[in-house]
Amino acid sequence: MKQRNRQNDTFSDQIHRYRSIILVISVPLLLISFVLFVMTTRSDTIDDSILSHRKFANGGGSVGNKYAVIFDAGSSGSRVHVFCFDRNLDLVPIGNELELFEQLKPGLSAYAKDPKAAANSLQPLLEKAEAVVPQELRGKTVVRVGATAGLRQLEGDASDRILQAVRDYLKDNSRLKSKSDSVTVLDGSQEGAYEWVTINHLLGRLGKTYADTVGVVDLGGGSVQMAYAISENDAAKAPRVTEGQDSYVKEMYLKGTKYYLYVHSYLRYGLLAARAEILQITGDSGSPCIVPDFSGSYKYGGTAYKAAHAPSGSSLQKCREVATKALKVNESTCTHMKCTFGGVWNGGGGDGQKNLFVASFFFDRAAEAGFVDPKKPVAKVRPVDFEDAAKRACQTNLEEAKATYPRVEPDNLPYLCMDLVYQFTLLVDGFALDPWQEITLVKKVEYQNSLVEAAWPLGSAIEAVSS
């Protein structure tokens, strides 16, 4: 009878009858479902957060990233470099590249009589630089202007007036962080040290022993710098310099390692300045370094020099003799154990100089003369390669040179023989390199699958964001 009544019960009656059993089963199931839901939601949130952080880490907006804007105001033109660093001083991409690099001609020294025009000439570069710095970081981003040999050689107060005009221009027209001491004429040792830091940073050598670093020779327009790390014992032997001169050794603490950096800048021995030094030797008699069929004048530093071929034509050997005199290689002014040229201590040599990277005009002339590929940023050569290229250039008249050297700008063609002879003489007679020693010509350095300009501004930027 009870069984028949249960069969006639409604659904609600059955739920009421078994309510205690249903509660015992359903409550744990609901709790388990709730826990699983919370864990899944939290996991999604964590994943989104990680992905979001990764997106910032690959761009310029990550918390802790810093930008630096560095102007290289050289004798041959003005250039701007923009870098972005993470907390470890590793470069972070700006767009598709690891730096913004733009340049224009002429340089600030071309406006010696018009300081305001000199400052205004930087406007196109400044606009491009500010455009890649996030708006919220512009007020915190350091901007530096480092003028090099071109401004060093201006007469009177022309250099000071140009620098002040640039300071005023940045203050009135830029949203970047500029200070009065951020616009300066770099002394040669600063330029050389920054170049050394740049190349060794890009090669991943900083933080290693001095013997693992590479030496650098940077041939600019107005000056040439040599820099390489030396041992502490050699640093102690550095000659004392007179007051007002740059010391031979700079102590630098980089990536947890102390370096003793030998660095010296030779003013008036950059490629463009050296032309003037060489032409002064021959005066009005005609130069064996000028290609036949050219007669004119060469202007540098506000002075014009006669630039005409010698009656006997151009000659590699005679040009070498003139270049050696211009470098003052055989002068007896060396008071140290060993000198380079002009009585300058050579740093003692050693492991830090064995692997030598040679930059700027060395690469440019080699590419234009055709013995390195201009499309490749690095090339292994020997000093004797410059001599071989000079032999060909010195045997070519002006008309033949136009067809033979299509990459050389017309204004540089008359001086191609001179430039190549000078570069060979500088390396072999000036810096005492073996003519067959392998050296690395460098325009850019590969870093994190990208190419970065092998120039001193990166070293300056590293200092700026570290201070």
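Start with the disulfides: a search of the whole structure turns up two, where a disulfide is a pair of cysteine sulfur atoms within 2.5 Å. Before you click further, note that this is a predicted model, in which local features need pLDDT of at least 70, side-chain atom pairs count only at pLDDT 80 or more, and totals for chains, interfaces and linings use all residues. Residues are numbered from 1 along each chain as its sequence is written, and side-chain values use heavy atoms, with hydrogens and water left out.

**Stop 1: the C289 link**

Select C289 and C319, which are joined by a disulfide with an S to S distance of 2.1 Å. Look along the S-S bond: the angle about it is 110°, and the link is right-handed. This pair ties together distant parts of the chain, 30 residues apart, with C289 in the loop between α10 (271-282) and β10 (295-300) and C319 in helix α11 (residues 316-327). Helices (H or I, at least four residues) and strands (E, at least two) are DSSP runs here, numbered from the N terminus.

**Stop 2: the five-stranded sheet**

Now colour β3, β2, β1, β4 and β5 in that order; they make an open sheet with mixed pairing. Two strands pair if DSSP finds at least two bridges between them. β3 (100-104) and β5 (183-185) are the edges, each with a single partner strand, so one side of each has no neighbour in the sheet. On average, neighbouring strands in this sheet are turned by 15° against each other, direction ignored. Axes are lines fitted to C-alpha atoms, for helices over the stretch in contact, and angles run from 0 to 180 degrees between N-to-C directions.

Zoom in on β1 (residues 66-73) and β4 (residues 142-147), which run parallel and are joined by six bridges. Which residue in β4 is the bridge partner of V69? Pick V143. Then show helix α7 (residues 158-173), which packs on the sheet and touches β4 and β5, contact meaning heavy atoms within 4.5 Å. The direction of α7 makes about 160° with that of β5.

While you're here, select K105 and P106: the peptide bond between them is cis, with omega near 0°. P106 sits in the loop between β3 and α4 (115-120).

**Stop 3: the seven-stranded sheet**

Next, select the strands in the order β8-β9-β7-β6-β12-β14-β13, another open sheet with mixed pairing. At its edges are β8 (249-254) and β13 (378-381), each pairing on one side only. Neighbouring strands in this sheet are turned by 25° against each other on average, direction ignored.

Stay on β8 and β9, an antiparallel pair with six bridges. V249 stands opposite Y262 in β9, and L254 has T257 as its bridge partner. The two strands form a hairpin with two residues between them, and K255 in the turn has a positive phi of about 50°. Follow the chain past β9 to R268, in the loop between β9 and α10; phi of R268 is also positive, near 80°.

**Stop 4: the second largest pocket**

On a 1 Å grid over the protein atoms alone, a pocket is an open set of points where a 1.4 Å probe fits, with protein on both sides within 12 Å along at least five of seven lines; lining residues have an atom within 4 Å of a point. Its volume is about 620 Å³, that is, the space filled by probe spheres set on the points, which are joined across faces, edges and corners.

Which strand gives the most to this lining? β9 does, with five residues.
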